[in-house]
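Subject: Structure handover

Hello,

Here is the structure I said I would pass on.

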Amino acid sequence: MIFRSIRHSISTQFGKAQIATKILVIIMLAVITALTASGVALIVGDRILEKSRMEESVSALAQIIGSNTAAALVFRDTEALNETLALLNRRYNIIAACIYDDAQRIAGLYIRTNDPFICPPFKPGPEVEFLRGEIWVREPVVLEQRQIGTLLLVSDLREMRQAIRFHIVVIVAVLFLALFMAYILSRRLRHLVSGSLLKLIKTAQLVSEKQDYSIRAETSGEDELSILTGAFNHMLSRIEQYNHERERLLNEAQEGVRARDEFMYIASHELNTPITPLKLQVQFIRKMAAAKQLTPEFSDKLEKMLIDSERHIGHMAGLVENLLDVTRIASGEFRLELEPVDLNALIQSIVRRYHSEIAASRSEVTLRLEEIKPCMWDRARIEQIVVNLLENALKYGEGKPIVITSRTEGGKAVFAIRDHGIGISSEEQSNIFKQFGRAVPYRHFGGLGLGLYITLKIVKAHHGEIRVESQLGQGSRFIVELPLSIQKV
Ligand SMILES: Nc1ncnc2c1ncn2[C@@H]1O[C@H](COP(=O)(O)OP(=O)(O)OP(=O)(O)O)[C@@H](O)[C@H]1O
Ligand SMILES: [Mg+2]
């Protein structure tokens, strides 16, 4: 439990530390672990070596003493024996020496001053034992190849301990020195790792502060951090792209809303304009009818008014029909009713029908029609094309001459209408075929901006093409090409 809470608090503290500190701690722990492991291995090996060295040295000493005391032991000269053994007092690590004769009795002994050692009962040799921090060596005393006794030599392991202690001190010193050097090195070199990370963090902060996704983090090398930086930069590019796309969609949506508002304004005006004269005309007719004044003069006036009302109603019906066409196109319910259509006859009949509008526009309309055989088209829709283009030519033609031509060319009927009016700038030319696309301000020219859009859709439904050639102030020429035979759509 305690261990777990300590571990938890260490990992929390470590989690809060900066990357550079973490790197430092990891390097120091690695150095400590490596050096401690190798230090322990060295000390264990050292102990084994020291033990065998001690064993060799005490055994060699026992052999020398054995051979030096052999003569005195044969003659049972205890005094001489003890004198020889007393020489051991120069070797401070020797605790005791006991010599046993062939009857296994103690014949001579040496015990280090102030050591409470008692010679143990005889035990045969040769033998080496490590007991309670001491080394006990039993060595036979031999004279002329005959064992005449046994020597027990007891030594402490002070020498060995001192050597090991010295090695531990050296290892600890090396450990501290290595730690110090690792600390200095890691402090100097940590920028190699944390440097790019810090740069990445700075870039991220800058991006979020300025909301500028065009900023990029610097990349160098091919390590994991560089991969991370690359991924971060890639993510920024995606966000930038996404923002551009969002901005584009937003602009489009705003433009759509603006166009819709403008359209609502124009549509309501267009629909409202004929209502006022219609109202006045109906009021007048009602008054006259109430007065029961059906004089010839009144009849003439009434006829004129009814013709005018019919024109206004026709205009309104045309507007509503255009709006319905837009809905039909949007819902995909735009179908053709194919029948043989004589284009030239159709143009002529439309021009005849529009004689009062042509007269009002003061434009002179000339027809140059070459022979075209009747083709399988949608009569009402082809009529719509001619009417839309003729109405535009009259509206924007500034009362100047209008020429309508038709001919066949390469399996197509080519019909063109040329005016010499206000013309259209090249920038606006692609715009005018769009829904509500207009190149003139509404206060100068009325209109919903739907005529050419619907015309384009009808031409496309007939697998044909429509294009405009125009220059601002130089008039326009709209050219329609329709295949002479089309499949029913
Ligand atoms: N013959 C032309 N000369 C100059 N500009 C033209 C001509 N025909 C069309 N335009 C321009 O193209 C725009 C789009 O024409 P379109 O017929 O689609 O709409 P509109 O005439 O404005 O309205 P409506 O929906 O009543 O036809 C016009 O507003 C006008 O700016
Ligand atoms: Mg028009």
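The notes below go from the whole chain to a few single residues.

Please keep in mind that this is a predicted model.

Overall shape

The protein chain has 13 helices and 12 strands. Its radius of gyration is 59 Å, well over the 23 Å that the globule rule gives for 489 residues, so the chain is more spread out than a compact globule. The C-alpha trace spans about 185 × 55 × 40 Å along its principal axes.

Of the 489 residues, 36% are buried. The accessible surface of the chain is about 30400 Å², and carbon and sulfur atoms account for 58% of that surface. If you take the contacts between residues at least 6 apart in sequence, 65% of them join residues at least 24 apart.

Aromatic pairs

The count of aromatic pairs is 5. Two of them are described here.

One of the pairs is Tyr-396 with Phe-445, which is tilted, with 5.0 Å from centre to centre and 55 degrees between the planes. Tyr-396 belongs to helix α11 (residues 379-396), while Phe-445 sits in the loop between α12 (426-429) and α13 (451-461), so this pair ties together parts that are 49 residues apart in sequence. Tyr-396 counts as buried because its relative accessibility is 18%, and the cut-off for buried is under 20%.

Another pair is Phe-433 with Phe-478, which is edge-to-face: the centres are 6.3 Å apart and the planes are at 70 degrees. Phe-433 is in the loop between α12 and α13, and Phe-478 is in strand β12 (residues 476-483), so the pair links distant parts of the chain, 45 residues apart.

A buried asparagine

Asn-93 is found in the loop between α3 (78-86) and β1 (94-101). Is Asn-93 buried or exposed? With a relative accessibility of 4%, Asn-93 counts as buried.

Which residues does Asn-93 touch, leaving aside those up to four places away in sequence? They are Met-54, Arg-112, Val-154, Ser-155, Asp-156 and Glu-159.

Regards

Terms used: Residues numbered from 1 in each chain as written. Chains lettered and ligands numbered in written order. Predicted model: local features only at pLDDT ≥ 70, side-chain atom pairs only at ≥ 80, totals over all residues. Heavy atoms only, no water. Helix = DSSP H or I, 4+ residues; strand = E, 2+ residues; numbered from the N terminus. Rg over C-alpha atoms; globule rule 2.2 N^0.38 Å. Buried < 20%, exposed > 50% of the residue type's maximum accessible area, 1.4 Å probe, protein only. Contact = heavy atoms within 4.5 Å. Areas by Shrake-Rupley, 256 points an atom, 1.4 Å probe, with all protein chains shown as cover. Phe/Tyr/Trp six-rings, centres within 6.5 Å; stacked < 30°, edge-to-face > 60°.
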